[in-house]
Every structure is written in structure tokens, then in C-alpha cells.
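Subject: Structure handover

Hello,

Here is the structure for your files. My notes on the side chains follow below it.

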Amino acid sequence: MNEQANRYLAEEPVGPLMLKFSIPCIMSLLVSALYNIVDQIFIGRGVGYLGNGATNVVFPVTIVALAIALLVGDGCAAFLSICQGMGDGERAHRSVGNAVTVIVATGLVLTVLLAVFQDKLLWAFGATKNNIAYAREYFRYIVVGIPFFMFANAMNSVIRADGSPAFAMLSTLIGCAINVVLDPIAIFVLHWGMAGAALATVAGQLVSALLAACYLFRTKSFRLKRSSFRPEWGLLRRTMPLGISSFLTQISIVVIMVVMNNVLVIYGARSRYGADIPLTVVGIVMKVFQIVVSIVVGIAAGSQPIVGYNYGAGRHDRVRRIFTVMMTAEACVGLIAMICFECFPLPIIRIFGSENELYNEFAVISFRVFLCTIALCCVQKACSIFLQSLGKPMLSMSLSLLRDFILSVPLTLILPRYLGVTGALYSGPIADVVSFAAAVFCVRRVFRELRKEETGNGRTVVSGDRVRCVS
């Protein structure tokens, strides 16, 4: 960034500065989450709950693609912010060029692999004999948009770090608007069903990707050269670990959804709800949960350039103030969400279509049990991203793994054996309580380290795959 932008990040009051960066980030992530939500709303009303169940089966594919995009994009964005704080323009443009090369290559490879292993993946993700035909139809077209989806999301992180959060938001909003307009036309007017919903989504993703590509020709803090795109493994080893927390957060969602889908099908078939009702309902609950997570991650990731710059510049006092404001906002989001889910679960589920009383009964139980500790989850996820912004990938990764994999997966497998199909829902609250306690411990330790750095009059440098302080 230019000198004026540097002073802005270092001197502007924390509250207004975080709003400027976080609101566009929240909007971008919300719109990304809404791609699947919009499909579910129109599919639920135009195809039925079996169609919604099919989108839940395909949803992990989208999350895998997003995980890889955030691994590359968030890692590059965190490294870019730290380089800006240190005034290192050379590594800044090379890191972005490498990110572009990697995300384009992985997007194409992933698309081919998904197409080859379509049926095996769908059955592994929890498809049933009732919804497999819908899942195949939706999957076939969604896969086409994977490279565009990955590129747009990876570059959005970089665009925000470059000081243009509004452009990142706009590119995503335009893509979502296209999806919202085309969905009802494809489903209700052209009667294309699941294929129509998928094609509407792909059209929006394509436009977002094109806008992100155009931005790379008008960047603020760096200029891409032909040499920027040449892969440098040493540089990638430094940037990629900074995105590992975001990657693991998304991958853990995939693992949880695959395990959860299969558990719900097995134990649901033994209950009075059957296999398809729990599969559809919990899929909707998870996607509504993703909306809240998008706000939480948006606040934390939107603040990442500010945290990274001030940490790189040695402004630990501002880092602490940013953290305080961030955690206050995250706790408020979590409390509001908890009240909504505990008090109004039925109106929320009816947005996705009205079904029978048995369906509604399981939906109410799912919202009230699975999301009852969502406020703790919000704070824990924000702490993980904050640590990532400080260039502490291993600590950030450990927090992400603890809640979303180490605790959730075993609990989802074990609890239904004793409590039946509803037992899987209790995995969320237990994981939230334990991981929240771990997050508090980790952040307290990091702030003790920051105080020692200040006392020693150290300065922050990038070394290897982490940030450290030297005299």
C-alpha cells in the first residue's frame, strides 16, 4: 500500500477501521453461503424435500473447493498484510502471483477428479436411494463451476488484503444476484429442476471470477509481473501455512457432514423419522449455521489486514484493542443467533418449504440442541483466525482441529449408539464448550508473549513458516 494507506491502518481509530474492512468481508462470505441457501429455498418449493436432501449430499463438494481456495487465498492475504507492514513489496507481488498459479491449477485438477468419482462420492456423502437421482443431476453441473468458485474466493481474500474490501464484496454480490434471478426462472419457468438450480449457481460463480481477474490489473499495493506467476516452493511454504486454519475449518465441516449424513441415514432409518427427514433437516441446520459462521469469520478475517499490518509494524497496543473489539462483536453475534434458534426454529425451517409434522418436530429439536452453544463457537472460531492473522498457523490450526474434528467426529459416531438419531445433535454443544476453554487458554498465552516482545523492544520478522520477534 502507499504511505497514506499505511498511516491509515496504523493510526485510524480501531472501531471505524474494522467496520470498513469487516462489513464487506461479511457480505462477501454471506453471499458465498447464500449460493447454496438460495438453491435450497427454490428447490424445496419447486422440487421438494428430497431435492433439498440431494443438495445436502452435494454440499461437501463445494466446501472442499472452498477449503482449498481459502488455504491459498487466506494464506496469501495474511502474508501480504505482514509484508505490507514490513515494507516488503518484492515478496508481496510474488506471493500473489504464486497464489493465482496454484488456485487455477488445483481448480482444474479437482474438477476432473470430481467428475471421475461422481457416484462413489455421492454414496460416501450420504445419498439415499430416494435422492440419488436428484444428487447426480445437481452434481453434474455444479462441478463445472468449481474452478470459477475457487478462483473467486481465493482472490477475494487477496483483494481485501490489498485494501479493496468493497470491490471484493461487490464481485460476490453481483454473482449472487445473478444466481437469485436465474434460479426461479430455471426451476419454475423453464422447468429444469435440479439442473436449472445448478446452472444458475455456476453462472453467478463465473461472473464473480471474471470480476476478480479484472481486479488483478488494478491492484493498489503491488504490481503483478510475468515472473510473479512462476511457482516458488520456498515462498509457498511460507504463505500456505498461514491459510491452514481456514482450510481445516472448512475440511472439518466436510468430515462432520459426511459422518453426520451417514449417521443420520443409519440411525434415522431405525427411528420414526426415517432416513430422509434427519438428513434433510440437519443439512438445512448446518447451512443456517454457516450463515452465522460467515458473519463471525467475516469480522475476524476482515480485520486480518489490520491485525497483520500492526503486528508486522510492532504496534502491539493496537493489536490488543482490535482483539477486544473483535471478541465483543463476535459474542454479540453468537448471543443473537442463539436467541433466534432457541425461540424461532419453526419459522426458520419453513423458509425452506412446509412439510409434515414429523419433519417439523425433528427440525425444532435439531435447531434447539445442535446450536444451543453457538455463542461459544463464535468466539472460538474468531480466536483461531486472530491467531492466524498474527502468523501463528500451528496454534490456529490446533484450535480449528480440536473443535471441528478431534471432538465433533468421535462424538457424532458415539452418542447415537446410546441416544439414537438425536444423539448426533449433542456433538455440537459438547465440542463448543471444550474448544472455547482451549481458545481462552491459547489467546492468554499469546498475549503474554506479546507483552514480553514489548518489554524486550523487539521487532517482528517473517522467518520460515511463522512470524517471530527478534531483538
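Which charged end sits over the ring of Phe59? The charged end of Lys287 does, 4.6 Å from the ring centre. The rule for a charge over a ring: NZ of Lys or CZ of Arg within 6 Å of the ring centre and within 35 degrees of the ring normal. Arg270 is placed in this way too, with its charged end over the ring of Tyr267, 4.9 Å from the centre.

Before the rest, the ground rules. This is a predicted model, where local features need pLDDT of at least 70, side-chain atom pairs count only at pLDDT 80 or more, and totals for chains, interfaces and linings use all residues. Residues are numbered from 1 along each chain as its sequence is written, and side-chain values use heavy atoms, with hydrogens and water left out.

Aromatic pairs

Rings of Phe, Tyr and Trp (its six-membered ring) pair if their centres lie within 6.5 Å; planes under 30 degrees apart are stacked, over 60 edge-to-face, and the rest tilted. The count is seven aromatic pairs. One of them is Phe323 with Phe386, a tilted pair at 4.8 Å centre to centre and 50 degrees between the planes. Phe323 is in helix α14 (residues 316-343) and Phe386 in helix α17 (residues 374-389), so this pair ties together parts 63 residues apart in sequence. Helices here are DSSP runs (H or I, at least four residues), numbered from the N terminus. Phe323 and Phe386 are both buried. That term means under 20% relative accessible area; exposed is over 50%, and partly exposed is in between (1.4 Å probe, protein chains only).

Phe323 also pairs with Phe447. This pair is edge-to-face, 5.0 Å centre to centre with 65 degrees between the planes. Phe447 is in helix α19 (residues 427-455) and Phe323 in α14, so the link spans parts 124 residues apart in sequence. Phe447 is buried, as is Phe323.

Salt bridges

Side chains of opposite charge can pair when their charged atoms come close. The cut-off for a salt bridge is a side-chain nitrogen of Lys or Arg within 4 Å of a carboxyl oxygen of Asp or Glu. The whole structure has three.

- Asp119 and Arg136: the closest N and O atoms are 2.9 Å apart. Asp119 is in helix α5 and Arg136 in helix α6, so the bridge ties together parts 17 residues apart in sequence. Asp119 is partly exposed at 30% relative accessibility. Arg136 is partly exposed at 27%.
- Arg272 and Glu361: 2.2 Å, N to O. Arg272 is in the loop between α11 (244-269) and α12 (276-302) and Glu361 in helix α16 (residues 357-370), so the bridge joins parts 89 residues apart in sequence. Arg272 is exposed at 54% relative accessible area. Glu361 is partly exposed at 30%.
- Arg403 and Asp432: the closest N and O atoms are 2.8 Å apart. Arg403 is in helix α18 (residues 393-419) and Asp432 in helix α19, 29 residues apart. Both are buried.

A loop residue

Asn131 is in the loop between α5 (118-124) and α6 (132-142). Its relative accessibility is 1%, so Asn131 counts as buried. Leaving out residues up to four places away in sequence, Asn131 touches Leu50, Gly53, Ala54, Val57, Asp276 and Leu279. Contact here means heavy atoms within 4.5 Å.

Best wishes

How values were computed: Helix = DSSP H or I, 4+ residues; strand = E, 2+ residues; numbered from the N terminus.
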